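Please open the structure in your viewer and keep the sequence panel beside it, so that each selection can be followed by eye. The stops below can be taken in order.

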Amino acid sequence: MIRIASFPHMRVLCWSDGFLYASRGYELSRAKLGEQASRVVWQPVAAWPAEYVRKCTSRFPLTSRLVRDGFHALAVLSSGNIVGAVPGHIVTLSPSESRFRSTHKILRGTRPLHITKTPNDQIVWGEYFDNPARSEVHIYASTDSGEHWEVAYTFPRQSIRHIHNIVYDRWGNCFWVLTGDIGSECRILRASLDFTNWDTVLSGSQQTRCAAMVPTRDAVYFSSDTPLETNFIYRFDRKGNLDKVAALPGSSIYGCRVGDCLFFSAMFEPSHVNHNRKVALFGSADRRQWHELQQWTKDAWPTNLFQYGNAFLPDGENESDVLALTTLAVKRAETSIWNVS
């Protein structure tokens with residue numbers, strides 16, 4: 001890994017057509033990063049007109065962390081529309097606009113962790129909220145470029161706590177739906193694109209408590225996300241074989257592909273098994289040997305208010321040789337860009 005550039009107070013969100021999209025507060029920018037990129041030039045895209053208080057809190061790293069400001073997910077569609085998640089809203093931008101519009105008000109929780117699209121611009125996201133009563137949990141979908149939303153599927157009461165991620169798999173022509181958090185709520189599910197057919201692939205343990213998955217032609221790779229046990233990266237091949245490929249020093253909720261290389265990050269989530277105050281990046285060039293490539297130290301601010309130490313990895317397809325990541329709640333938190341060989 002060769003470091004190209006770094007930027008303070010930014011968060012990477014997704015890749016689309018060679019562009020990396022990132023936000024600074026409620027302002028969205030993008031940069032064209034081809035193979036062997038040597039410099040990064042950000043172009044403004046649009047902004048979300050957040051209320052005055054959030055415009056103020058988003059200007060400062062600590063207050064932004066405290067109230068979870070900014071964009072949290074993004075999908076760029078072939079129609080030209082861009083759909084994002086900000087606190088309390090799903091927002092949409094058409095090519096002729098300079099400001100995002102709210103197209104769905106989020107009533108439970110503040111935002112989904114990811115927004116997923118398919119090649120024909122179907123867009124989906126799953127509800128992520130505390131849900132102590134284990135109420136029903138919805139998957140929302142849009143078929144008109146994020147202008148309108150409907151419930152596409154509902155998990156019944158007492159079945160799951162919330163949805164961590166929905167991952168599109170172009171090789172399997174399906175969605176992978178990842179849910180948590182306890183016992184049988186921890187599921188890795190395979191669903192048809194219309195959510196009419198479901199297959200429970202793995203379930204019932206903290207090792208199937210998962211938020212990050214990266215599909216490849218031969219297998220899907222996922223990482224466990226539990227503060228209760230040692231975490232691992234797993235390989236689940238297309239024939240149904242499951243293998244542990246690497247141990248992680250902490251919970252993992254982000255993964256990505258860069259060309260043929262795979263990456264997962266491990267965050268600092270303190271528990272009786274997670275004592276290491278480190279955030280780490282693991283990667284593999286051949287998908288067999290995995291290495292810890294980078295490490296960051298958690299900062300001094302308490303996690304219950306100012307978030308866990310973490311390294312965010314962007315969604316989307318990335319065929320370049322460029323890795324982008326954003327560190328949070330660590331010493332010298334920033335967005336960094338790397339050439340990967």
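What follows is a tour that begins with the whole chain and then moves to single residues and pairs.

**Before you start**

This is a predicted model, in which local features need pLDDT of at least 70 and side-chain atom pairs count only at pLDDT 80 or more, while totals for chains, interfaces and linings use all residues. Residues are numbered from 1 along each chain as its sequence is written, and side-chain values use heavy atoms, with hydrogens and water left out.

**The whole chain**

Show the protein chain as a cartoon, and you will find that its secondary structure comes to 3 helices and 28 strands, where helices (H or I, at least four residues) and strands (E, at least two) are DSSP runs numbered from the N terminus. The radius of gyration, taken over C-alpha atoms, is 19 Å, close to the 20 Å that the globule rule gives for 341 residues, so the chain is as compact as a globular protein of that length; the rule itself is 2.2 Å times the number of residues to the power 0.38. Along its principal axes, the C-alpha trace of the protein chain spans about 45 × 45 × 40 Å. Buried residues make up 59% of the 341 residues, where buried means under 20% relative accessible area, exposed means over 50% and partly exposed lies in between, with a 1.4 Å probe and protein chains only.

**Aromatic pairs**

Now select Y153 and W198, one of the 17 aromatic pairs in the structure. Rings of Phe, Tyr and Trp (its six-membered ring) pair if their centres lie within 6.5 Å, and planes under 30 degrees apart count as stacked, over 60 as edge-to-face and the rest as tilted. The ring centres of Y153 and W198 are 4.4 Å apart and their planes stand at 35°, so this pair is tilted. The pair links distant parts of the chain, since Y153 is in strand β13 (residues 150-155) and W198 in strand β17 (residues 198-203), 45 residues apart. Y153 is partly exposed, with a relative accessible area of 24%, and W198 is partly exposed as well, at 26%.

Next select Y221 and W290, whose ring centres are 6.2 Å apart with planes at 45°, so that this pair too is tilted. Y221 lies in strand β19 (residues 219-224) and W290 in the loop between β24 (278-284) and β25 (291-297), so the pair ties together parts that are 69 residues apart in sequence. Are these two residues buried or exposed? Both Y221 and W290 are buried.

Side chains of opposite charge can pair when their charged atoms come close. A salt bridge is a side-chain nitrogen of Lys or Arg within 4 Å of a carboxyl oxygen of Asp or Glu, and by this rule the count comes to 21.

Select R170 and E317, whose side chains meet in a salt bridge (3.6 Å, N to O). R170 lies in the loop between β14 (162-169) and β15, and E317 in the loop between β26 (310-312) and β27, so the pair ties together parts that are 147 residues apart in sequence.

R257, in strand β22 (residues 254-258), counts as buried at 11% relative accessibility. E319 forms a salt bridge with R257 too, with the closest N and O atoms 2.8 Å apart, and E319 counts as partly exposed at 47% relative accessibility.

**Backbone details**

Finally, select G180 and D181, which are joined by a cis peptide bond with omega of about 20°. D181 is found in the loop between β15 (174-180) and β16 (187-191).

Then move to H9, whose phi is near 60°, a positive value in a residue other than glycine. H9 is found in the loop between β1 (2-7) and β2 (11-16), and counts as exposed at 51% relative accessibility. A329 likewise has phi near 60°, but A329 counts as buried at 0% relative accessibility.
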